[in-house]
Structures are given as C-alpha cells and as structure tokens.
Amino acid sequence: MASSIYKDFKFVSIFFRSCLIALGTVASQTAYNVLAFDCPCSKSRNYLYGLVVISVPALVFFLVVIMLNRSTWDLISECRLRKCRKLLGHTAFALLETIIGEAFVAPLTWVTISLLQGRVYTCAFSEFVDPQTIKEFPKGHGSAVMAKLTCKESVPEELQRFLEPVERRLKYESQLIGWLLVAGMALMVFLHLCLKRCSSPIGYLQESYWSEYRSSEKTLFQNTAAAHARILAAQNVKSFFGFVALDKEEEEQLAEQKNIAPVCSTNWDRVTGVHLYREKNGLPLYSRLDKWSSDCYGMEKEV
C-alpha cells in the first residue's frame, strides 16, 4: 500500500516539475540550434556529430535532474542511516521509478525536439541516403557526396537541385520518428496514471491534503531552519566578541529565543530519509517529521 500511495502522491508534483524541466529543455534546444549547431558535412563525421549532439546533452540533463532531485538524496540518506531495512523490494522500485521517470523528462524532450526540428537527423543520416532512390540523380556518386548535401555551399553546382528533395525526405523521417516518440510517451503516461488511480488506497481529497501538507512543511522547515541557524550563530558570535551586529528585527528575535540549543544529530537522522505513507492508531503520518512529532507526543503522554 505504501508504494502505491507514494507513487500516486508523487505524480502530481512530478507533473508540474516535469513541465518546467521540459520547457527549459525546449529553450536550450532552440538556443543551441540557432547559435551552435554546425554540421561538418563530411562522411563519418556527420553521423558521429549528430549522435553526440543528441546523446551527450541528453545524458547531462539526465544526471543533472537526478542530482537536483531531493528524492535521490532521501534514498541515499535512507540507505546510509537505516541500511534500507524498511525499503521493501516493491517500495524501493517505486521510489527509483519516480526518480528515474522524472530524470527522463529532459533527455526525452531534448531528443524529441531534435527529431521534430530535423536538422540533427538530416546531418547525421544524409550519408546513408541511397543515391539510386533519388530520381534523376547522377550515377557514380557515393556517400561522401551525399554527406555534403546538408551544406549548400559544399554541394557541387550540378547537384544543387537535389538538395531540397534529400532534406525533405530526411526531415520527413526525423519528424515521423519524433511524433511517434511523442505519441508513445503520451500513451505511457496515460496508462501509468490510470493504473495508479485504480490502485491507490487513499482518496483524491486526502491525496491533495497530503500534497499541501508536504509543501507547507517544506517551506516552514526551510524558513525556520534558516532562522534557527542565524540565531544560533548570533549567540555564538556574541559569546565570543561580547556583542553581535544585528538589525532591529533580528535583535528582537534573538531576545525572544534566548539560549537556543543545536538540534542533536539523532533527531536530524530521524527526520531525514524516505517516508512512505503509514498510519498510527488510525491517524495518517504524512512525513518523517510528522512521525517524529507523534512519537514525542506519545512519550510525553506516557510520562
């Protein structure tokens, strides 16, 4: 149940993040094609250049998104702190699916836009066009000449009229593959969403509440952690110099929070890592911080 809810919850946030990633990738691809793309128009080099232009940026995008994904570091922390004891096989698979699925958005967008624009494909595969399939093309020309057809200034004058038909054919193939890739991705997302909705054990309203809670907790935690760190730093600086340079609002905050103490490493470890939906005494636990707070409240009641 935990893995199903985890996947269902993550889809909404992933969708919006994925849209932003895709838009950024489209902008990068457009800028690259306008400013940097330059086909070598040479046999063998065309294919290698096109392959590098498509694959290397896609790989970079994939790795960058994985590094920027908080779930990646949650998983690493979970394995480091708790040796993945609470991550069952299907749960770990669900988490990895989420991380890798989001990381694939940018590379697939890069590849798709490259194919739809057609310039990279035309450059890479021009040397593989069979001259015999082009009407009235002069005999005796091989792949070396076909590789130059993507660069107008490199094409012999007697072959200039064949430039447009070759480009049209290659762009047709490139865009056909691109649209098939788009259709395939859309179908996969649709089927994935349908399966998750059917298998989710919690309702849509609770799922929306969970999303809102996680967002609010993250914002409040980051803001409070920044304030806590600043106050603690101010206390330590004051104890060293005898005073600390603060503005009026910070002085008031420091006066209100006297002798603030560092958070112990044990508590940091308890709120760090992967959290899967679970319940305690019939009440949902929405995060590791929620679980920590619930455990502390239970201990206070026992005392």
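1. A cavity, on a 1 Å grid over the protein atoms alone, is a set of points where a 1.4 Å probe fits but cannot get out. Grid points are joined across faces, edges and corners, and the volume is the space filled by probe spheres set on the points. By this rule there is one cavity of 30 Å³ or more. This is a predicted model, in which local features need pLDDT of at least 70 and side-chain atom pairs count only at pLDDT 80 or more, while totals for chains, interfaces and linings use all residues. Residues are numbered from 1 along each chain as its sequence is written, and side-chain values use heavy atoms, with hydrogens and water left out.

2. Here is the overall layout. The protein has 12 helices and two strands, where helices (H or I, at least four residues) and strands (E, at least two) are DSSP runs numbered from the N terminus. Along the sequence the order is α-α-α-α-α-α-α-α-α-α-α-β-β-α. Of the 303 residues, 33% are buried; buried means under 20% relative accessible area, exposed over 50%, and partly exposed in between (1.4 Å probe, protein chains only).

3. Back to the cavity. The largest cavity holds about 50 Å³ of space. Its lining residues (those with an atom within 4 Å of a point) are Ala227, Arg230, Ile231, Ala234, Leu246, Glu250, Gln253 and Leu254. By class, the lining has five nonpolar, one polar and two charged residues. In this scheme Ala, Val, Leu, Ile, Met, Phe, Trp, Tyr, Cys and Pro count as nonpolar, Asp, Glu, Lys and Arg as charged, and the others, Gly among them, as polar.

4. Next, the salt bridges. The whole structure has six salt bridges, each a side-chain nitrogen of Lys or Arg within 4 Å of a carboxyl oxygen of Asp or Glu. One of them joins arginine 270 to aspartate 295, with the closest N and O atoms 3.1 Å apart. That pair links distant parts of the chain, with arginine 270 in helix α11 (residues 265–270) and aspartate 295 in helix α12 (residues 288–302), 25 residues apart. Aspartate 295 also meets lysine 280 in a salt bridge (2.9 Å, N to O). Since aspartate 295 lies in helix α12 and lysine 280 in strand β1, this pair ties together parts that are 15 residues apart in sequence. Aspartate 295 is buried, at 18% relative accessibility, whereas lysine 280 is partly exposed, at 30%. Arg270, Lys280, Lys291 and Asp295 are linked in a network of salt bridges.

5. Arginine 168 and glutamate 164 both lie in α8, four residues apart, about one turn of the helix. The closest N and O atoms of their salt bridge are 2.8 Å apart.

6. Two loop residues deserve a look. Serine 44 has a positive phi of about 75 degrees although it is not a glycine, and lies in the loop between α1 (2–35) and α2. Asparagine 281, also not a glycine, has a positive phi of about 55 degrees. Asparagine 281 lies in the loop between β1 (278–280) and β2 (283–285) and is exposed, with a relative accessible area of 76%.

Note on methods
On a 1 Å grid over the protein atoms alone, a cavity is a set of points where a 1.4 Å probe fits but cannot get out, and a pocket is an open set with protein on both sides within 12 Å along at least five of seven lines; lining residues have an atom within 4 Å of a point.
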